[in-house]
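Colleague: I would like to go through the terms used for this model and see what each label rests on. Can you take them in turn?

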Amino acid sequence: MRKNMGKKPLIYPQPVLIIGTYNNDGTVDAMNAAWGGVGDDSQVFLCLSKEHRTVQNILKRKAFTVQIADEEHVVQSDYVGIVSGNDEPEKFAKSGLHAVKSEFVDAPVLDDYPISIECELISYEPEHCHLFGEIINTSVKEDVLTDGKIDISKLKPLTFDIDNGRYVSLGKVMASAFSAGLELRQ
């Protein structure tokens with residue numbers, strides 16, 4: 001039996017993304033954006049309303065970074081989501097996070113997070129809040145790599161449980177992609 005839930009975007013897992021930009025005065029801005037992901041193999045997609053200071057920063061500087069939130073920084077990640085930079089000028093400083101200037105785009109790399117995707121703005125459509133960014137560079141902390149590849153057990157990314165309003169960490173590896181289903185092939 002199934003229960004109809006209506007029009008709800010219940011796509012799991014939903015990544016917890018921390019968007020980094022610079023404010024007009026050059027200080028760092030960060031926000032939590034649960035609605036986003038891959039646009040294609042060279043783009044990211046975010047759903048952000050124009051009221052966010054982060055969106056205004058992106059439109060002005062044409063650049064932003066996307067960090068993958070991890071278990072270690074759940075408190076900071078939630079803080080930058082519940083506090084608006086429009087209301088709290090010291091938001092980033094109070095978060096306890098650290099930033100360095102990207103070598104590739106006019107935006108900060110939030111150095112506490114293990115992955116930072118550095119992007120240039122492609123387009124923003126305010127009516128539906130659709131923002132696309134071109135990936136210019138991705139930097140990864142070496143301590144989450146095994147044999148030069150991201151090890152999800154070291155990365156420990158957070159996911160957002162939209163229906164219950166909570167953060168959840170990912171579980172164990174179940175199978176290898178593009179091979180588990182081969183046994184059903186005839």
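Colleague: How many aromatic pairs does the structure hold?

Modeller: The structure holds two aromatic pairs. Before going further: this is a predicted model, in which local features need pLDDT of at least 70, side-chain atom pairs count only at pLDDT 80 or more, and totals for chains, interfaces and linings use all residues. Residues are numbered from 1 along each chain as its sequence is written, and side-chain values use heavy atoms, with hydrogens and water left out.

Colleague: Why is the pair of Phe45 and Phe132 called tilted?

Modeller: Rings of Phe, Tyr and Trp (its six-membered ring) pair if their centres lie within 6.5 Å; planes under 30 degrees apart count as stacked, over 60 as edge-to-face and the rest as tilted. The centres of Phe45 and Phe132 are 5.1 Å apart and the planes stand at 50°, so this pair is tilted. The pair links distant parts of the chain, with Phe45 in strand β5 (residues 43-47) and Phe132 in strand β10 (residues 130-140), 87 residues apart. Helices (H or I, at least four residues) and strands (E, at least two) are DSSP runs, numbered from the N terminus.

Colleague: What makes Phe132 partly exposed?

Modeller: Buried means under 20% relative accessible area, exposed over 50%, and partly exposed in between (1.4 Å probe, protein chains only). Phe132 has a relative accessible area of 26%, so it is partly exposed. Phe45, at 21%, therefore also counts as partly exposed.

Colleague: What kind of aromatic pair do Phe160 and Tyr167 form?

Modeller: Phe160 and Tyr167 form a tilted pair, with 6.2 Å centre to centre and 50° between the planes. Tyr167 is partly exposed, because its relative accessibility is 28%.

Colleague: Why does Thr159 count as buried?

Modeller: Thr159 has 10% relative accessibility, so it counts as buried. Thr159 is found in strand β13 (residues 158-161). Not counting residues up to four places away in sequence, Thr159 touches Pro13, Gln14, Val16, Arg166, Tyr167, Val168 and Leu170; contact means heavy atoms within 4.5 Å.

Colleague: Which strands form the open sheet, and in what order?

Modeller: The order is β1-β13-β14, with antiparallel pairing. The edge strands are β1 (14-15) and β14 (166-169), as each pairs on one side only. Two strands pair if DSSP finds at least two bridges between them; β1 and β13 are joined by two bridges. Opposite Thr159 in β13 stands Pro15.

Colleague: Which residues does a cis peptide bond join?

Modeller: Tyr12 and Pro13 are joined by a cis peptide bond, with omega about -10°. Pro13 is in the segment before β1.

Colleague: How do you know that the buried residues of α1 line one face?

Modeller: Thr54, Val55, Asn57 and Ile58 are buried in α1. Seen down the axis of α1, its buried residues fall within an arc of 160°, so they line one face of the helix. The arc is that of the directions from the helix axis to the C-beta atoms. These buried residues pack against β2, β3 (28-33), β6, β9 and β10.

Colleague: With which side chain does the side chain of Thr21 make a polar contact?

Modeller: The partner is the side chain of Asn57, at 2.9 Å. A polar contact is a pair of N or O atoms within 3.5 Å; within protein, one must be able to donate a hydrogen and the other to accept it, and residues adjacent in sequence count only if both atoms are side-chain atoms. Thr21 lies in strand β2 (residues 17-22) and is buried, because its relative accessible area is 1%.

Colleague: Which residues have the most contacts inside the largest nonpolar core?

Modeller: They are Ile19, Leu46, Phe64, Val66 and Leu131, in a core of 20 residues. β9 supplies the largest share of this core, five residues. A nonpolar core is a set of buried Ala, Val, Leu, Ile, Met, Phe, Trp, Tyr and Cys residues joined through side-chain atoms within 4.5 Å.
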